[in-house]
Amino acid sequence: MTQTPFPSLSQSAGTLPAFAFRNGTGTRVAAGPVDPLARGGVDTLDARLSSALSGLAADGLIGGALPFDRGAEDCLWRAGRMDSSWPVAFGAPATSARLEPQPSAATYAGAVARALERLEADGRLSKVVLARSLQVHSATPISANALLARLAGDPAVMAFLVALPEGGETGRQLVGASPELLVAKEGVEVSSHPLAGSAARSEDPARDRAAAEALAGSAKDRREHALVVEAILDTLSPLCDRLGTPEGTQVTSTGSMWHLGTRVAGRLRDPETPVPLLAAALHPTPAVCGAPRDAAAALIRELEGFERGFYAGATGWCDARGDGAWYVSIRCAELRGHAARLFAGAGIVPGSVPEQEAAETGAKFGAMLRALDLPADALFELED
Ligand SMILES: C=C(O[C@@H]1C=C(C(=O)O)C=C[C@H]1O)C(=O)O
């Protein structure tokens, strides 16, 4: 197995931990002796995880990130102990930042139009998720701690940081605030909270409510959403003796977006299955890839024009019992010194409108831009 060097943690931005996660259930930060797991793709995850779990202390934790591409190497850390102190924000995470969309909204809309032609021509392909990125160049090094502290201000998200390999002098980190639970396990109980179908929120209460109502009534968004729920039920049902969607599909929100969401809950037949293996079985869902998976992934490679890396992968943790939670790595950025690369995607189904999908990706950058101390509409002004 090829081993890629991991960053030396003291070198990568001084005080940053190997991983940090905060959601409504608590804060989990890598502490004590921390070492990397051997890296590999999902097909070797079971073996690598078993050996790491066998030596894990009762209060230890395994945490990290799986990339979008199932065959690419993941980045997992084993921490001897878990800390629950969270960074306090001092000052702005970035200063005098310059934004550079890659690609522009217009080029992205062109790719969406091509995807729609393919969806029409190939009756087997029902959904593809296309993403774009936004480079942020800051005059000063971007403070991952300050960014993380701000992202955690939204109670609807799981704020995360994972130290990534190959960071060189400055280190490289995946930092974000995901609203989407891929899978959580506690003993025999398993749950997921897929999202798909989106609308930007508004500061004007009447417009905000109208956007939520339009989303709830949108047949296109409901179709797009149902594909994700079906894929999750199909993957989990052979592993469960009870599985359902007790509350049906609801409109849920973050500080900047409305989404359609469906909570999935079940009882595992084998409670010993460690949660990262459940995440690997589900990933990537049609929320970030499409349906069917392989055809959608091929179209993404053809039309998107950049490497997703750890964006649209999964990030989370697992304790010595194999319990934990993994989220879809969206609403995130890869940080490298003075630069942040933000990512945002949108699900394309027949009926999608290219310009509206481009605007949706713009809105999805909002939470990260605001946390970076940039106005959330900075991109819209640039692309108008
Ligand atoms: C792909 C992203 O988000 C996903 C796509 C959504 C959609 O197309 O409506 C909604 C939530 C996420 O599952 C992203 O934020 O980058």
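What share of the contacts in the protein chain with a separation of 6 or more comes from residues 24 or more positions apart? I looked this up in the predicted model and found that such residues account for 76% of those contacts.

**Entry 1: the whole chain.** I counted 10 helices and 20 strands in the protein chain. I then took the radius of gyration, which is 20 Å and close to the 21 Å that the globule rule gives for 384 residues, so the chain is as compact as a globular protein of that length. Along the principal axes, the C-alpha trace spans about 55 × 50 × 40 Å. Of the 384 residues, 51% are buried.

**Entry 2: helices H2 and H8.** I turned next to helix H2, residues 105-121, and helix H8, residues 354-364. Their axes lie 8 Å apart, and the helices pack at an angle of about 130°. H2 and H8 are therefore oblique to each other. I noted a right-handed crossing where H2 passes H8. From H2, the residues Ala105, Tyr108, Ala109, Val112 and Ala113 meet Pro354, Glu355, Glu357, Ala358, Thr361 and Gly362 of H8. Sorted by class, this contact holds 7 nonpolar, 2 polar and 2 charged residues.

**Entry 3: Glu272.** I located Glu272 in the loop between strand E15 (264-268) and helix H6 (275-282). Is Glu272 buried or exposed? I recorded Glu272 as exposed, because 8 other C-beta atoms lie within 10 Å and a residue with 12 or fewer counts as exposed. I also checked Glu272 against Asp323: the two are 51 residues apart in sequence, and their C-alpha atoms are 8.9 Å apart in space.

Terms used
Residues are numbered from 1 along each chain as its sequence is written. This is a predicted model: local features need pLDDT of at least 70, side-chain atom pairs count only at pLDDT 80 or more; totals for chains, interfaces and linings use all residues. Helices (H or I, at least four residues) and strands (E, at least two) are DSSP runs, numbered from the N terminus. A residue is buried if 20 or more other C-beta atoms lie within 10 Å of its own, exposed if 12 or fewer, and partly exposed in between; C-beta atoms are placed from the backbone. Axes are lines fitted to C-alpha atoms, for helices over the stretch in contact, and angles run from 0 to 180 degrees between N-to-C directions. Angles under 35 degrees count as roughly parallel, over 145 as roughly antiparallel, 65 to 115 as roughly perpendicular and the rest as oblique. A crossing is left-handed if the near helix is turned anticlockwise from the far one by less than a right angle, and right-handed if clockwise. Two residues are in contact if their C-beta atoms, placed from the backbone, lie within 7 Å. Ala, Val, Leu, Ile, Met, Phe, Trp, Tyr, Cys and Pro count as nonpolar, Asp, Glu, Lys and Arg as charged, and the others, Gly among them, as polar. The radius of gyration is taken over C-alpha atoms; the globule rule is 2.2 Å times the number of residues to the power 0.38.
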